[in-house]
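Here's a quick briefing for anyone meeting this structure for the first time. Have a look at the sequence and the model, then read on.

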Amino acid sequence: MSGTDPVVRAMTEADWPRVWPFWREIVEAGETYAYPLDLTSEQARALWTMAPPGQTVVLEDDGEVLGSATMGPNRPGRGAHVGTASFMVSAKARGRGVGRRLGEFVVAWHREQGFRAIQFNAVVETNHAAVALWQSLGFRVVGTVPEAFDSREHGLVGLLVMHLDLMA
């Protein structure tokens with residue numbers, strides 16, 4: 001990241017054209033998200049953008065959007081006390097702390113909003129950097145759905161369900 005302090009802020013309509021290129025690249029890579037490959041920009045934006053009580057944010061550094069995260073209730077109604085989130089980091093920003101900064105923001109946001117826990121429903125087990133990051137932030141693997149993700153590089157691999165108790 002640059003010498004300036006990167007900012008995590010709410011995503012605006014004007015940010016989507018800066019998120020869309022790395023969103024599309026990540027989905028088309030076939031290693032981390034099970035979104036359809038033929039989505040238009042508008043369809044992708046509708047999938048990625050969370051409405052209240054959720055939120056979508058970007059990490060901006062020196063005017064450049066380097067990553068984005070969505071967060072909010074994992075389930076509606078009686079499951080709304082557990083949050084969830086998704087993350088995407090531009091390829092040129094990987095290894096620069098963007099994912100950690102977004103992860104820390106998401107954990108703090110869920111705490112501030114009064115969630116009791118955060119559950120990640122589908123972390124691809126071969127996404128070693130993400131698994132290590134979430135574990136370093138206190139998440140633990142509570143289960144694996146075998147062969148639930150069709151990785152372009154590895155074939156059928158498991159999806160990890162990860163959990164962070166915010167009340168501990």
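Where is the place of N74? It's in the loop between strand 3 and strand 4. Before going further, note that this is a predicted model, where local features need pLDDT of at least 70, side-chain atom pairs count only at pLDDT 80 or more, and totals for chains, interfaces and linings use all residues. Residues are numbered from 1 along each chain as its sequence is written, and side-chain values use heavy atoms, with hydrogens and water left out. Helices (H or I, at least four residues) and strands (E, at least two) are DSSP runs, numbered from the N terminus.

**N74 and its surroundings**

- N74 is buried, with a relative accessible area of 14%; buried means under 20% relative accessible area, exposed over 50%, and partly exposed in between (1.4 Å probe, protein chains only).
- Not counting residues up to four places away in sequence, N74 touches V82, G83, T84, Q119 and N121; contact here means heavy atoms within 4.5 Å.
- Along the sequence N74 and A117 are 43 residues apart, but C-alpha to C-alpha they are 9.7 Å apart in space.

**The nonpolar cores**

- The largest nonpolar core has 29 residues, and those with the most contacts inside it are F87, L102, F120, W134, F139 and M162.
- A nonpolar core, by the way, is a set of buried Ala, Val, Leu, Ile, Met, Phe, Trp, Tyr and Cys residues joined through side-chain atoms within 4.5 Å.
- As a bit of background, nonpolar side chains tend to be buried together in soluble globular proteins.
- Take L102: leaving aside neighbours within four places in sequence, L102 is in contact with V8, V57, L59, G67, S68, A69, F87, M88 and V89.

**Helix 1 and helix 2**

- The axes of helix 1 (residues 16-29) and helix 2 (residues 41-48) come within 11 Å and cross at roughly 95°. Axes are lines fitted to C-alpha atoms, for helices over the stretch in contact, and angles run from 0 to 180 degrees between N-to-C directions.
- That makes helix 1 roughly perpendicular to helix 2, a label for angles of 65 to 115 degrees (under 35 is roughly parallel, over 145 roughly antiparallel, and the rest oblique).
- On the helix 1 side W16, W20 and W23 make the contact, and on the helix 2 side it's S41, A44, R45 and W48.
- Sorted by type, the residues of this contact are five nonpolar, one polar and one charged. Ala, Val, Leu, Ile, Met, Phe, Trp, Tyr, Cys and Pro count as nonpolar, Asp, Glu, Lys and Arg as charged, and the others, Gly among them, as polar.
- At 1.5 Å a residue, the 14 residues of helix 1 should span 20 Å, and its end C-alpha atoms are 19 Å apart, which agrees; the expected span is 1.5 Å times one less than the number of residues.
- Buried residues in helix 1 are W16, V19, W20, F22, W23, I26 and V27, and what covers them includes helix 2, strand 2, strand 3 and strand 4.
- After helix 1 comes G30, whose phi is positive, near 75°.

**F22 and S90**

- F22 is found in helix 1 and counts as buried at 5% relative accessibility.
- Leaving aside neighbours within four places in sequence, F22 is in contact with V65, L66, G67, S68, M88, V89 and S90.
- S90 lies in the loop between strand 4 and helix 3 and is buried, with a relative accessible area of 6%.

- The peptide bond from P52 to P53 is cis, with omega near 15°, and P53 lies in the loop between helix 2 and strand 2.
- D62, in the loop between strand 2 and strand 3, has a positive phi near 55° without being a glycine, and counts as exposed at 62% relative accessibility.
- E147, in strand 6 (residues 140-151), isn't a glycine but has a positive phi of about 50°.
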